[in-house]
Amino acid sequence: MKLDDMELFVKVVEQGSFTKAADYCEIPKSTVSRRIRDLEQSLKTRLLERTTRRLHLTEVGEAFFHKAQQILQEVETTEKEIAQKQGDYSGKLTVYAPDCILELCVDHVAQFCQDYPDISLNLHSDSQPQHLMAEKRFDLQLNIGEQPDSSFIARPLATLHFDYFASPDYLAAHGVPKTPADLQRLSTLTLTQGNPKAMAWRFHQQELPLNHKCCVDSPYVLRALAVAGQGICCLPTIMVSNEIAANKLVRLFDGQYAFQQNLYGVYHSRRYVPNKVKLLLDEVEMLLQARIDSLEEGIK
């Protein structure tokens, strides 16, 4: 049984004839007759008694008519509620992002919560591969690096620069690498959080295979290990401005192998994106790049 046929049946009863219902719905009378007949066949019962002068509801038809009116009213109410929720700036908004990105957004998040008090933010400070995110319920994910082909939509929001760093003490003890090949004799530390391709060590777009001494899933732990003289790390430059100013870390290779990665907003579909998700995407795109640029400018 089709909902459209149920709605047409109600309209036939309300109009009192197939002809008037056809005129009202702007469809041929033959189409009305056929669809009512299909509805009766699907229900395996006769709903209307037809005479040359008028239509009469059968006993079953009258019961079905009243029930159909209730169902159609509930459908209409549900559609209005969904449309309102889709357009409202209210309800829960679940976001996944690397903790170093969320840290940049703290001021913006606070302002967002103040501007839209009916939106409840649910922030997760981790970033996972998209094949794992497919099993999670979320509204928006912020991800670093080129995104794999998937059913998700990835919108570029900002650009981050990565570079290579080590502590002065480590370099004094083990020597300063002059070329990327020198890294193969030194201790390297790598980040495993989020997109593995985004964290690959690149030298003029060429990846260098390395046996890393330590792999960690937090950029803050990675930075702390590098500051403690445990090896060489690759990090977003926004994370090391204070350490460079305090001479706890130094940039390697004079920055000639720095590379950039896009930050993407990842969401489920271009169709029917809730207004609150569009709003957050626009806020991030408008404000985050300026914040990143100001931090990167401090270590050039």
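User: Happy to dig in! How many aromatic pairs does the structure hold?

Analyst: This is a predicted model, where local features need pLDDT of at least 70, side-chain atom pairs count only at pLDDT 80 or more, and totals for chains, interfaces and linings use all residues. Residues are numbered from 1 along each chain as its sequence is written, and side-chain values use heavy atoms, with hydrogens and water left out. Rings of Phe, Tyr and Trp (its six-membered ring) pair if their centres lie within 6.5 Å; planes under 30 degrees apart count as stacked, over 60 as edge-to-face and the rest as tilted. The number of aromatic pairs in the structure is twelve.

User: Which parts does the pair of Phe-9 and Phe-64 tie together?

Analyst: The two rings are 5.4 Å apart centre to centre with 55° between the planes, a tilted pair. Phe-9 and Phe-64 are both buried (under 20% relative accessible area; exposed is over 50%, partly exposed in between, with a 1.4 Å probe and protein chains only). Helices here are DSSP runs of H or I with at least four residues, strands are runs of E with at least two, and both are numbered from the N terminus. Because Phe-9 and Phe-64 are 55 residues apart in sequence, the pair ties together helix 1 (residues 3-15) and helix 4 (residues 59-87).

User: Nice! Which residues have the most contacts inside the largest nonpolar core?

Analyst: A nonpolar core is a set of buried Ala, Val, Leu, Ile, Met, Phe, Trp, Tyr and Cys residues joined through side-chain atoms within 4.5 Å. The largest has 57 residues, and those with the most contacts inside it are Ile-101, Tyr-164, Trp-201, Ile-232 and Leu-288.

User: Which element gives the most to the lining of the largest cavity?

Analyst: That cavity holds about 180 Å³ of space, and the residues closest to its centre are Cys-105, His-108, Val-109, Leu-280 and Val-284. On a 1 Å grid over the protein atoms alone, a cavity is a set of points where a 1.4 Å probe fits but cannot get out, a pocket is an open set with protein on both sides within 12 Å along at least five of seven lines, and lining residues have an atom within 4 Å of a point. Supplying five residues, the top contributor to the lining of the largest cavity is helix 11.

User: And what is the volume of the largest pocket?

Analyst: Arg-137, Phe-138, Asp-139, Pro-274 and Val-277 lie closest to the centre of the largest pocket. Grid points are joined across faces, edges and corners, and a volume is the space filled by probe spheres set on the points. For the largest pocket, the volume is about 360 Å³.
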